[in-house]
Amino acid sequence: MRTAELEKIARTIRARIVENAHRTNTPHLGSCLSCVDILVAVYFNVLRIDPTRARDPDRDRFILSKGHGAAALFQVLALRGFYPESMLETYGQDGGVFAEHPPAPAYLVGIEAATGSLGHGLPMGLGMALSARIQAQSYNVIALLSDGECNEGSIWESAMMAASQKVERLAAIVDFNKWQATGSSEEVLAISPLADKWRAFGWNACETDGHDVAALVRLLSNVPDGSGKPVAIIAHTVKGKGVSFMEDDNNWHYRIPTADEVTAAKKELGVTA
Amino acid sequence: MRNAFADEITRLGTIDPRVVLLSGDIGNKLFDKFKDRAKGRFFNCGVAEANMMGVAAGMALCGLRPVVYTIAPFTTTRCFEQIRVDVCYHKAPVIIVGTGSGLSYADLGPTHHSCEDMAILRTLPEMTVLAPGDSTEIRLALCQALTLDGPVYMRIGKKGEPAIHQKEPNFRIGRSITIQHGTNVCLIGTGVMSSVMVRAAKILGERGVSARVESFHTVKPLDQVTLAEVFSKYPVVAVAEEHGRIGGLAGGISEWLAAKDGPCAKLIAFGTDDTFMHEIGSQEYARRKFGLTAENVAEQVHARLLAARSKHTDPAAVG
């Protein structure tokens, strides 16, 4: 799909996310908006997946390790054809499956792992990538992490094992929006130099603009890169990206937009419906 | 016990290409045959148990049958959240093996004791909890655990534990095994305490008390059929486990008993006290400290049986 089309999809998804947060009174808006371009690049131009054969053993796997971005992932999966958009009307409703974090895979098509507690998705993704080797399959596994999630020791345990096992069909993308729940990720646990950390753990690490869909597609299409190393992409992003009054304002980790704010956001995004 | 585990996992890994063994940097040499016969399916995951458990869950979601092996506290309490979320929430068929469980490593100090593992893992939805009583039960339990479609925790001892079965028993997860029949009391053992219960029964026999012995290799789900039978039939039922008296097999049976109607036996629980063992000592020392010996079990059970009998026959106690 061409970049202009992907960018249009990204704007639509951002609008849907803002509407959903208002309608369902649910948080994590800033975190969802920061990873939209990454999700769109991955789902529309990178993953070898077929929504009509969602359990194909040789499919590429994507794990939203930063599970609090579920509201973004749910919109992407709907637009990618895993289920009708109308299903999302049940978001947050009693008895439904769409909550603030992805449910177990058996309960929603398109989900590869239930996440929400941080630091779980990368180890599970590593297990899936090792399975590909054991079962002589050639799928890739991509895990999307938040910078705050890199606080978790299990991420670095996993990074070391992936390097020691030379798992080259594994990519970790860090949605590096510089914030975690209650403060800047630099202030909370001194996250930088993030790319150097991944390199020191034996990964091929690169940095990119996490809102440049074409650049993301280019980097992810090069996995495996032939080096025998797993790939880390440090995607520099803006929390709340796409809505000027939410950008880089960490209040939107938990704040819920008003009806007027939804209208203003949609106007900025150029989405009328 | 661990040699029996190594032999059986090697046999299973040889015939079943889905079997993968993950070790937390232990079992040096123990798994050489597995590595040789199941090439590419052994992973030393290092001293990084949280990741190891997540990796196992990821493998299970891709159709493999991972078996995770390390010392009991490190494969349970160390990475409990990974077991809860990655394994149980996903109903991933991962077999978690805790070696050197209970007081096996008494002399290494409380960091290496595991007297809480069954209590904690028993609370998790989807989880099956096994504590095989000897090498034969380990082999049968492992083989059968691979046929389940959900997670299993199996705690085992170290090495040199006595056998409780002379011939191969009929083993079914969720059904206890009658090791010997008896008419006066019932002794229930789980894990390495089953052999202690066999010896306790022998001592009771010398005192004229006929004791039935059950091996409760499955702590969850409980064998409610056998429990209903023995708690109705005998005046005294004793339960022994190398585990705290809080939340383990006796804890589970107590929960079951609380909901049971009608008259039933007195339960005597033998397990470790609600304390850390701050002094060093061998496994035998630790067992003596907590009363987990055949002699103490026989003594306590006999005393309780006599008390029950006198209450039953003493007219003053009746009215």
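Reader: Which conventions apply to the model and its numbering?

Author: This is a predicted model, in which local features need pLDDT of at least 70, side-chain atom pairs count only at pLDDT 80 or more, and totals for chains, interfaces and linings use all residues. Residues are numbered from 1 along each chain as its sequence is written, while chains are lettered from A and ligands numbered from 1 in the order in which they are written.

Reader: How many helices and strands does chain A have?

Author: Helices (H or I, at least four residues) and strands (E, at least two) are DSSP runs, numbered from the N terminus. On that basis chain A has 10 helices and 7 strands. Its radius of gyration is 17 Å, close to the 19 Å that the globule rule gives for 273 residues, so chain A is as compact as a globular protein of that length. The radius is taken over C-alpha atoms, and the rule is 2.2 Å times the number of residues to the power 0.38. Along the principal axes, the C-alpha atoms of chain A fill a box of roughly 50 × 45 × 35 Å.

Reader: What share of the residues in chain A is buried?

Author: A residue is buried if 20 or more other C-beta atoms lie within 10 Å of its own, exposed if 12 or fewer, and partly exposed in between, with C-beta atoms placed from the backbone. Of the 273 residues in chain A, 49% are buried. A related reading concerns contacts, where two residues qualify if their C-beta atoms, placed from the backbone, lie within 7 Å. Among the contacts in chain A with a separation of 6 or more, 76% are between residues 24 or more positions apart.

Reader: Which elements of chain A give two or more residues to the side that touches chain B?

Author: In the interface, 20 residues of chain A are in contact with 23 residues of chain B. The elements in question are helix H5 (121–134) and helix H6 (153–164) of chain A. H5(A) gives the most, with 9 residues. By class, this side of chain A has 11 nonpolar, 8 polar and 1 charged residues. Here Ala, Val, Leu, Ile, Met, Phe, Trp, Tyr, Cys and Pro count as nonpolar, Asp, Glu, Lys and Arg as charged, and the others, Gly among them, as polar.

Reader: At what angle do helices H3 and H5 of chain B pack?

Author: Axes are lines fitted to C-alpha atoms, for helices over the stretch in contact, and angles run from 0 to 180 degrees between N-to-C directions. Helix H3 (residues 49–61) and helix H5 (residues 80–89) of chain B pack at about 10 degrees, with their axes 9 Å apart. H3(B) and H5(B) are therefore roughly parallel to each other, a term for angles under 35 degrees. In this packing, Ala50(B), Met53(B), Gly54(B) and Ala57(B) of H3(B) meet Gln82(B), Ile83(B), Asp86(B) and Val87(B) of H5(B). By class, the contact of H3(B) with H5(B) has 5 nonpolar, 2 polar and 1 charged residues.

Reader: What covers the buried residues of H5(B)?

Author: H5(B) is mostly covered, with 7 of its 10 residues buried. The cover includes H5 of chain A together with H3, strand S4 (95–99) and helix H6 (117–121) of chain B. Just after H5(B), Lys91(B) takes a positive phi of about 45 degrees.

Reader: Where do cis peptide bonds and positive phi values occur in the loops?

Author: Pro193(A) lies in the loop between helix H7 (185–189) and helix H8 (194–200) of chain A. In chain B, the peptide bond from Lys220(B) to Pro221(B) is cis, with omega near 0 degrees. As for phi, Lys178(A) has a positive value of about 75 degrees although it is not a glycine. Lys178(A) counts as partly exposed, with 19 C-beta neighbours inside 10 Å.

Technical notes
Parallel < 35°, antiparallel > 145°, perpendicular 65-115°, else oblique.
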